[in-house]
Amino acid sequence: MLKLENITKYYGDFLAVDNLSFEVKEGEIFGLLGVNGAGKTTTFRMIMGLLEPSSGSISLNGKKIDYSVTDNIGFLTEERSLLTKMTVKEQCLFYGTLKGMDEEQILSRLKELLEKFGISEYYDKKIKELSKGNQQKIQFITAIINSPKLLILDEPFSGLDPFNVELFKQEIVDMAKNGSMIIFSSHRMEHVELFCKKLVVLMNGKSVLDGYLTDIKEKYRKKNILVKGDIDIEKIKNIKGVIEINEKASEYEIKIENEDVKEDVFKVISKGKNITKFEVEEPSLNEIFVAKVGESYEK
């Protein structure tokens with residue numbers, strides 16, 4: 001288990017992370033979210049032992065993280081961090097050796113992963129000769145070459161098309177099933193919702209939202225009703241508890257304060273014509289994020 005207890009980090013007088021605590025258990029995919037400058041990167045660096053907290057403690061399976069532990073950690077950075085003049089083979093030998101693997105282990109694992117991601121022909125290609133998407137695949141491979149017990153993913157789907165996003169997603173899920181602890185950070189809230197059962201949202205280095213996603217959605221009572229058909233918009237707007245109505249393609253999105261309002265809305269909707277849809281949606285994670293932080297991650 002990864003455990004952060006009351007972590008605080010100052011850079012001089014600047015408070016970058018403020019009394020942060022959370023746990024990630026084996027097999028969990030945990031979301032660490034926040035706008036740029038919220039403290040995510042500092043937190044990642046402290047977890048990996050690259051920075052010392054000003055106060056608090058971080059442990060992996062009960063042990064302080066140091067060079068005896070980091071061989072069990074993988075990290076995919078948001079920024080591209082490949083050595084572009086190296087070949088794919090040379091790059092992975094370099095990273096694998098840093099993680100304490102021998103050459104036979106590295107090359108065997110590399111061939112397995114290249115085949116899994118459909119790029120076996122790039123084994124002896126230089127990194128600079130690859131497309132951005134394929135460079136991202138190699139960067140991901142270098143992060144998981146050692147089959148890490150703890151994997152930190154910062155914007156892992158950057159530059160990928162939908163097909164390759166699915167390949168990455170399957171590998172991440174498989175690693176979690178095999179017991180890896182995974183911390184996932186993304187600007188795409190729909191990706192976070194697919195993966196993460198638990199999350200923390202940071203704002204100015206401090207947790208402003210944390211817990212299980214299902215519990216967070218339950219506490220955040222606002223909901224949406226999706227309706228298809230001919231409806232009396234003005235009557236619905238006048239219902240107490242209706243926040244706003246948005247027209248989206250062939251349907252209406254009615255935002256309500258809580259689930260209690262849906263009965264009043266239904267009474268009005270049922271008098272309309274050609275009603276083919278009436279569906280109550282949970283709030284999206286992006287809506288909750290905007291409500292708590294005041295800034296959208298949607299791109």
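Q: Which residue is the bridge partner of N246 in β13?
A: In this predicted model, strand β12 (residues 242–248) pairs with β13 in the antiparallel sense, over 6 bridges. N246 has its bridge partner in β13, and that partner is E253.

Q: Which residue stands opposite E253 in β13, on the side of strand β11?
A: Let's stay with E253 for a moment. Strand β11 (residues 223–230) runs antiparallel to β13 and is joined to β13 by 5 bridges. The residue standing opposite E253 is L226.

Q: Which residue takes a positive phi in the hairpin of β12 and β13?
A: Look at the turn of this hairpin, where 2 residues lie between the strands.

Q: How many residues of β13 are buried, and which ones point the same way as E253?
A: Strand β13 (residues 251–256) is mostly covered, with 6 of its 6 residues buried. In a regular strand, side chains alternate between the two faces of the sheet. Here Y252, I254 and I256 point one way. Pointing the other way, together with E253, are E251 and K255.

Q: Which residue stands opposite I152 in β7?
A: Strand β6 (residues 73–76) runs parallel to β7, and 4 bridges join the two. Opposite I152 you will find F75.

Q: How is the aromatic pair of F157 and F168 arranged?
A: The structure holds 11 aromatic pairs. For F157 and F168, the ring centres are 6.3 Å apart and the planes make an angle of 65°. Planes over 60 degrees apart count as edge-to-face, so this pair is edge-to-face.

Q: Which parts of the chain does the pair of F157 and F168 link, and which cluster includes both?
A: F157 sits in the loop between β7 (150–154) and α5 (162–177), while F168 is in helix α5, 11 residues apart. Both residues are buried. The aromatic cluster they belong to is F117, F140, F157, F168, F184 and F195.

Q: Which helices do the buried residues of α2 pack against?
A: In helix α2 (residues 88–98), the buried residues are V88, Q91, C92, L93 and G96. After the helix comes G100, with a positive phi near 85°. The buried residues of α2 pack against α3 (103–116) and α4 (132–144).

Q: Which residues have the most contacts inside the largest nonpolar core?
A: In soluble globular proteins, nonpolar side chains tend to be buried together. The largest nonpolar core here has 51 residues, and a second, separate core of 26 residues includes L32, M46, I73 and I183. Leaving aside neighbours within four places in sequence, L110 is in contact with V88, K89, C92, Y123, I141 and I145. Those with the most contacts inside the largest core are V88, L110, I138 and I141.

Conventions. Residues are numbered from 1 along each chain as its sequence is written. This is a predicted model: local features need pLDDT of at least 70, side-chain atom pairs count only at pLDDT 80 or more; totals for chains, interfaces and linings use all residues. Side-chain values use heavy atoms; hydrogens and water are left out. Rings of Phe, Tyr and Trp (its six-membered ring) pair if their centres lie within 6.5 Å; planes under 30 degrees apart count as stacked, over 60 as edge-to-face and the rest as tilted. Buried means under 20% relative accessible area, exposed over 50%, partly exposed in between (1.4 Å probe, protein chains only). Two strands pair if DSSP finds at least two bridges between them. A nonpolar core is a set of buried Ala, Val, Leu, Ile, Met, Phe, Trp, Tyr and Cys residues joined through side-chain atoms within 4.5 Å. Contact means heavy atoms within 4.5 Å.
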